[in-house]
Amino acid sequence: MDTIIKIDRASRFYNVGDITVKALENISLEIKKGEFTSIMGPSGSGKSTLMNLIGCLDSPSDGNIYIDGQPTFNMDEEDLAYLRNNKVGFIFQQFNLLSKLTALENVITPLLYSDVKKKDRVILAKEALRKVGLEDRMYHRPNEMSGGQKQRVAIARAIVTNPSIILADEPTGALDSKTGKQIMEVFWHLHEEGRTIIVVTHDIELGNQCLRQIHIKDGHLVEDKK
């Protein structure tokens with residue numbers, strides 16, 4: 001399999017007054033296309049910082065990040081925005097849906113920043129909702145849906161641009177265990193389609209359901225196993 005994410009000796013430091021906080025230090029790893037990976041660690045371990053670097057929401061203080069063979073360290077904000085919108089789909093614990101929009105309208109939102117023609121946006125959004133089993137709720141707003149349904153809308157929104165990478169930050173953290181299992185089943189279907197999926201979590205049970213587990217502690221990579 002080809003490498004889709006390469007992190008080469010990346011570090012991320014923050015200055016808080018006179019103190020330098022080392023959120024990540026000298027991280028190197030590669031993730032292949034189609035891998036189903038979890039990044040695990042306790043609160044404050046650096047796993048969310050690593051997710052932000054992979055998703056190009058942040059830049060490393062040192063080292064380099066490559067996405068699908070492209071070095072990101074020399075990209076301007078426009079190039080990074082294009083990469084985020086076309087290569088990476090984001091899923092968050094609190095769903096981050098727009099409350100006044102229907103499920104269909106929420107899923108269409110990323111397409112507004114793409115080259116997709118207006119007449120094709122609805123077709124693609126409906127197909128994304130069908131994939132997550134929500135075609136019968138597409139005209140409902142978030143306040144008319146359960147937590148699991150909201151997360152399915154968020155997943156549909158993440159995949160509607162057909163990204164090669166799915167980044168999920170604590171995707172079952174706001175859900176009960178039964179609904180969480182259903183959401184993981186959706187991720188497995190996406191994995192079977194060949195997508196690269198990265199689940200960021202402090203939940204060891206959830207992380208161990210993924211085929212590869214990367215453990216972060218105190219800003220360092222301490223374990224990488226399959």
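Visitor: Is Glu193 buried, exposed or partly exposed?
Guide: Glu193 counts as partly exposed, at 44% relative accessibility. Buried means under 20% relative accessible area, exposed over 50%, and partly exposed in between (1.4 Å probe, protein chains only). This is a predicted model: local features need pLDDT of at least 70, side-chain atom pairs count only at pLDDT 80 or more, and totals for chains, interfaces and linings use all residues. Residues are numbered from 1 along each chain as its sequence is written, and side-chain values use heavy atoms, leaving out hydrogens and water.

Visitor: Which residue forms a salt bridge with Glu193?
Guide: Arg195, with the closest N and O atoms 3.2 Å apart. A salt bridge here is a side-chain nitrogen of Lys or Arg within 4 Å of a carboxyl oxygen of Asp or Glu. Arg195 is buried, at 7% relative accessibility.

Visitor: How many salt bridges are there by this rule?
Guide: The count comes to 13. One of them joins the side chains of Arg212 and Asp224, at 2.7 Å from N to O.

Visitor: Where do those two sit?
Guide: Arg212 is in strand S9 (residues 212-217) and Asp224 in strand S10 (residues 220-225), 12 residues apart. Strands are DSSP runs (E, at least two residues), numbered from the N terminus. Salt bridges with shared partners join Glu35, Arg212, Asp224 and Lys226 into one network.

Visitor: New topic. What is the strand order in the open sheet of four strands?
Guide: S2-S1-S4-S5, with antiparallel pairing. Two strands pair if DSSP finds at least two bridges between them.

Visitor: Which strands stand at the edges?
Guide: S2 (19-32) and S5 (70-71). Each has a single partner strand, so one side of each lacks a neighbour in the sheet.
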